Amino acid sequence: MADGSQPQCCVAGGGPAGLMLGYLLARAGVRVTVLEKHADFLRDFRGDTVHPSTLQIMVELGLIDRFLKLPHQKVERLGGMVGETPVAIADFRHLPVRERYIAMMPQWDFLNFIASEAKAFPNFTLLMNAEATDLIERGDKVVGVRATTPEGVREIMADLVVAADGRNSVLRERSGLAIEDLGAPMDALWFRLPVEPGDTGETMGRFGAGYILAMLFRGDYWQCAYVIAKGSLEQLKSGGLESFRDAVAAASSFDRKRLDAIASWDDVKLLTVRVDRLLHWYQDGFLCIGDAAHAMSPIGGVGVNLAVQDAVAAANSLAKPLKAGSVGLADLRQVQKRRMFPTRVTQAIQVAAQNNIIGPTLSRRVQPKPPLVLRMMQWFPILQRFPARVLGLGVRREHVAEYIRAGRG
Ligand SMILES: Cc1cc2nc3c(=O)[nH]c(=O)nc-3n(C[C@H](O)[C@H](O)[C@H](O)COP(=O)(O)OP(=O)(O)OC[C@H]3O[C@@H](n4cnc5c(N)ncnc54)[C@H](O)[C@@H]3O)c2cc1C
């Protein structure tokens, strides 16, 4: 059991999962230290979608009014183009929550906000520039984490170490926990395009003959993801930047001149898509959450949402035993039990979309027509509420336990 000078929980990774868990545990009175390897949260092209379920967590915590003062755009409806046909896909305006939209907000604003709220608790410590490199084990139990910091290597002992260090988690690799790889046939190229007068400002996906382009309206720019077959970037590059610009212009219906904003390949960032999950998320003294437990496909933009929901479930199950110094395997098992189901279902939907929509669209030579299910959603708009519910609220919603809201452990 940690002595009074040690954290009861050490979280590696200051992303949505790690910072939200750190905040919630600190609010419940647990001594918690979060390690973040970077000096700040400034990272371009990350999940910038704050979903209705995450906004509702902010409501439950009484943070929502301050949070919504940060600059953001509201996405109440999601649409798309299938070939030449515009389609409405999801309508969030009927969800049973207070904020019925996706808030598009730079992830660094979201993370800075959570970090600054957490710092109000004296039992919360955030170490920036601190990179977790290894687990410290005693027998079969994890008892701490080794980290490289500007002051040198530090050993941080804790009753529980949580890996929230993302899809390339070092700690999950060190733990040796087995991974199930579900595969992904595509990668995504991220870049920005300028907004011009007359743009609709509607966040949408465009599915055409051999292309998929997601366009997220960000107020003063478009954040775009152009989907390519896995591993085909070098082939695309060999065709030259001009032909890439031509392809994006055709997919976006933007004037070709606007594509000159992509000045070089340096303006195009590759996201290697992965879909995987751990078979077991924990061992004695150690737990993985967020992308460290399950890397998600970008389909649906649900990665941040799942990471936050994992953090809430983990805090609900672990705050009391951590405070009591009694956290054990049964508590950790409880977290996996709660979160494995939504992970499995969400990944199953993503894999089905990869296999039945993404893959076939990328190999098409003629413009597609909307499938029956999309056509029905246009005839009966009420059907757009179903995808809105799955995307906006997730498969299993978490609520912050009353004792954490009240700030008692
Ligand atoms: C290009 C791109 C676009 C995306 N678009 C969307 C989207 O639109 N919507 C959406 O919901 N999701 C999106 N995602 C996915 C989303 O970003 C992730 O699912 C989500 O951020 C997972 O949160 P996390 O906290 O588990 O991990 P991460 O966000 O990856 O956070 C991990 C944190 O740990 C830190 N870290 C890593 N290693 C260490 C270490 N050894 N020691 C200390 N700290 C460490 C990292 O710096 C990072 O801050 C996107 C991802 C990418 C890459």
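This is a predicted model: local features need pLDDT of at least 70, side-chain atom pairs count only at pLDDT 80 or more; totals for chains, interfaces and linings use all residues.
Reader: Why is V275 called buried?

Author: It comes down to a count of C-beta atoms, placed from the backbone, within 10 Å of the residue's own: 20 or more others is buried, 12 or fewer is exposed, and in between is partly exposed. V275 has 21 such neighbours, so it counts as buried.

Reader: And which residues does V275 touch?

Author: Leaving out residues up to four places away in sequence, V275 touches L182, G183, A184, A295, M296, S297, Q347, Q350 and V351. Touching, or contact, asks for C-beta atoms, placed from the backbone, within 7 Å.

Reader: What makes S232 exposed or buried?

Author: S232 has 12 other C-beta atoms within 10 Å, so by the cut-off it is exposed. S232 belongs to the loop between β17 (221-229) and α6 (233-238).

Reader: How is S253 classed, exposed or buried?

Author: With 11 neighbours inside 10 Å, S253 is exposed. S253 sits in the loop between α7 (241-252) and β18 (269-271). Its phi is near 65°, a positive value in a residue other than glycine.

Reader: Why is N129 called partly exposed?

Author: N129 has 15 C-beta neighbours inside 10 Å, so it lands in the partly exposed class. N129 is in the loop between β8 (124-127) and β9, and its phi, near 60°, is positive too, again in a residue other than glycine.

Reader: What is the strand order of the open sheet of six strands?

Author: The order is β8-β2-β1-β12-β21-β20, with mixed pairing. Two strands pair if DSSP finds at least two bridges between them.

Reader: What makes β8 and β20 edge strands?

Author: β8 and β20 (282-283) each have a single partner strand, so one side of each is left without a neighbour in the sheet.

Reader: How do you know that β1 and β2 count as paired?

Author: β1 (residues 9-12) and β2 (residues 32-35) share four bridges, in the parallel sense, where at least two are needed. As for who faces whom, C9 is opposite V32 in β2. Helix α1 packs on the sheet as well, touching β1, β2, β8 and β12 (160-163), and its direction makes about 165° with that of β2. Such angles run from 0 to 180 degrees between N-to-C directions, with axes fitted as lines to C-alpha atoms, for helices over the stretch in contact.

Reader: Which strands does β16 pair with?

Author: β16 is joined to β15 (residues 204-208) by five bridges, antiparallel, and to β17 by five bridges, also antiparallel. R206 has L213 in β16 as its bridge partner, while A214 has A225 in β17. Five of the seven residues of β16 (residues 211-217) are buried, so the strand is mostly covered.

Reader: How is the protein chain divided into domains?

Author: Domain 1 is 9-75 + 105-181 + 275-356 and domain 2 is 186-229 + 231-271; the bounds come from an automatic or database domain assignment. Their C-alpha centres lie 31 Å apart, and five residues of domain 1 are in contact with ten residues of domain 2.

Reader: Which residues come nearest to the ligand?

Author: Of the 35 residues around the ligand, G15, G47, G166, G290 and G303 come nearest. A residue is counted here if its C-beta atom, placed from the backbone, lies within 6 Å of the molecule. The shell divides into 16 nonpolar, twelve polar and seven charged residues. Nonpolar means Ala, Val, Leu, Ile, Met, Phe, Trp, Tyr, Cys and Pro; charged means Asp, Glu, Lys and Arg; the others, Gly among them, are polar. With four residues, α8 gives the most to this shell.

Notes. Residues are numbered from 1 along each chain as its sequence is written. Helices (H or I, at least four residues) and strands (E, at least two) are DSSP runs, numbered from the N terminus. Two residues are in contact if their C-beta atoms, placed from the backbone, lie within 7 Å.
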